[in-house]
Amino acid sequence: MNQSMFIVWRESVEALLVIGILQAWASQQGQGNRLVKFLWAGVLLGLMLSGLLAVLILFAGEAMSGSASEWFQAALALVASLLMVQMVGWMHRHGRTLTFDLRQHADRHLARRGGLGLLLLAMLAVSREGSETVVFLYGAGARLRGPQLGLFAVGSVMGLVLSALTLALLHGSRRFISWRRFFALSEAVLLMLGAALLVSGTERIGGQLLALDVPEQVYSLVGEALWDSSAVLSDSHGLGSFLAGFAGYRATPSGLTLLVWLGYWLVVGGWLRPRTADNLPCPT
Amino acid sequence: MKRLPLACLMLAGAVAPITARAELPTYELILRDGHFTPAVLEVPAGQRFKIVLKNNGQGPAEFESTPLRVEKVLSPGVTTFVVIHPLSPGHYPFFDEFNPQLPEGGILAK
């Protein structure tokens, strides 16, 4: 029971965190209702996609564990990472007012563009881990019988409740900190998740390249570890493992991972820094 | 900027013949509902190698290891493989994410 609770919590908390942040932010906008609708449509699509992917994994397992699926998952992670950054940029530009915006027209325009981003991001956030959760639940559901199955189901539901509580904690924190601080924190969380997604996508691609016949330099770039900090902070247990999942920490990063990670923060830093409330270009 | 090295690599990957090297040392690892056979895999350090993963269990498995840079879901009966980068000597843990309460397995690079 503990096991299913923990797994469901771990798999769903990231998606719920993203959705919670986006929902909190969208509901503060002038076009809040429309944006929130986009968001929930994305969640619904994400759940459907999870189910579809899970069915594929379970019934076309050979194909779904092969190389094509690795590239597909890497692409999902990279697109999700890009959307995280885009969303933070969008929040950054439009989140500062936090009051009803009188420029209805501009707002509507914004809602349509941003809405699509919200929808896609919610969909990817849900479906990435969602499909794994469905596979896990189905697998156990098909194997267990009687009271064991009951305990398992209780555990799974408790995992979801635990995730909801985590989310409530996040929302509750708004009482104690200002909106400005809340959104600064949210942006940081989304950007870190973006980095984690980028690193995981990069490593998937690296793993595929290692299996191919490519020049030796490629192997050393994507393969060899530049250093080993696992004695200080191991990425397979405890805090290091948490940071690996939420910020892309690696104790033994390859050259490629380091390049991509550094490039990410340089690009994100450079892109977000000069934007102030006054000299905004039109949202593109 | 962040995409540039990636693009180069993907180009390199596309240009090179898409075949796995035959001489890659290969090891077999059986997953059975969270248990690994063998529990510890000994490999030479400093060399790429391939692990053939077989899920002989009744339920699905998720073979995962951050230091080995692998995360793979296997439904029951599935056989697949991963290629691991050259390791420096040491112990690298892996586990079945769907059975986290069971003891980890590991790779011992010598």
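Q: Which residue stands opposite Leu31(B) in β4(B)?
A: Leu31(B) stands opposite Asn55(B) in that strand. Strands are DSSP runs of E, at least two residues long, while helices are runs of H or I of at least four, both numbered from the N terminus, and two strands pair if DSSP finds at least two bridges between them. The model is predicted, so that local features need pLDDT of at least 70 and side-chain atom pairs count only at pLDDT 80 or more, whereas totals for chains, interfaces and linings use all residues. Residues are numbered from 1 along each chain as its sequence is written, and chains are lettered from A and ligands numbered from 1 in the order in which they are written.

Q: In which sense do β1 and β4 of chain B pair, and over how many bridges?
A: Strand β1 (residues 26-32) and strand β4 (residues 49-55) of chain B pair in the parallel sense, and six bridges link them. Within this pairing, Leu29(B) has Leu53(B) of β4(B) as its bridge partner.

Q: Which residue of β2(B) stands opposite Leu31(B)?
A: In β2(B) the residue opposite Leu31(B) is Phe36(B). Here β1(B) and β2(B) run antiparallel and are joined by three bridges. The hairpin of these two strands has two residues between them, and Asp33(B) takes a positive phi near 45° in this hairpin.

Q: What is the order of the strands in the sheet that contains β1 of chain B?
A: This is an open sheet of four strands in chain B, ordered β2-β1-β4-β7, with mixed pairing. Since β2 (35-37) and β7 (79-84) of chain B stand at the edges and have a single partner strand each, one side of each is left without a neighbour in the sheet. From one strand to the next the twist averages 25°, taken from lines fitted to C-alpha atoms (for helices over the stretch in contact), with angles from 0 to 180 degrees between N-to-C directions.

Q: Which strands make up the open sheet of five strands in chain B?
A: The order of this open sheet is β3-β9-β8-β5-β6, and the pairing is again mixed. At its edges stand β3 (40-43) and β6 (70-74) of chain B, each with a single partner strand, so one side of each is left without a neighbour in the sheet. The twist in this sheet averages 20° from one strand to the next. Strand β5 (residues 61-65) and strand β8 (residues 90-96) of chain B run antiparallel and are joined by two bridges; Phe63(B) has Asp96(B) in β8(B) as its bridge partner.

Q: How many helices and strands do chain B and chain A have?
A: Chain B has one helix and nine strands, and its sequence reads α-β-β-β-β-β-β-β-β-β. Chain A has ten helices and zero strands. A residue is buried if 20 or more other C-beta atoms, placed from the backbone, lie within 10 Å of its own; on that basis 38% of the 110 residues of chain B are buried, and buried residues make up 44% of the 284 residues in chain A.

Q: At what angle do α7 and α10 of chain A pack?
A: Helix α7 (residues 179-210) and helix α10 (residues 255-272) of chain A pack at an angle of about 150°, and their axes lie 10 Å apart. That makes α7(A) roughly antiparallel to α10(A), a label used for angles over 145 degrees. Residues are in contact if their C-beta atoms, placed from the backbone, lie within 7 Å. Among the residues of α7(A) that meet α10(A) are Leu191(A), Ala195(A) and Glu203(A), and among those on the α10(A) side are Val260(A), Trp261(A) and Tyr264(A). The residues of this contact divide into nine nonpolar, three polar and one charged, where Ala, Val, Leu, Ile, Met, Phe, Trp, Tyr, Cys and Pro count as nonpolar, Asp, Glu, Lys and Arg as charged, and the others, Gly among them, as polar.

Q: How many residues of chain A are in contact with chain B?
A: 46 residues of chain A are in contact with 39 residues of chain B. Elements that give two or more residues to the chain A side include α1 (2-26), α2 (32-59) and α5 (104-143) of chain A. The largest share of that side, seven residues, comes from α10(A). By class, the chain A side has 24 nonpolar, 14 polar and eight charged residues.

Definitions and conventions: Parallel < 35°, antiparallel > 145°, perpendicular 65-115°, else oblique. Contact = placed C-beta atoms within 7 Å. Buried ≥ 20, exposed ≤ 12 C-beta atoms within 10 Å, placed from the backbone.
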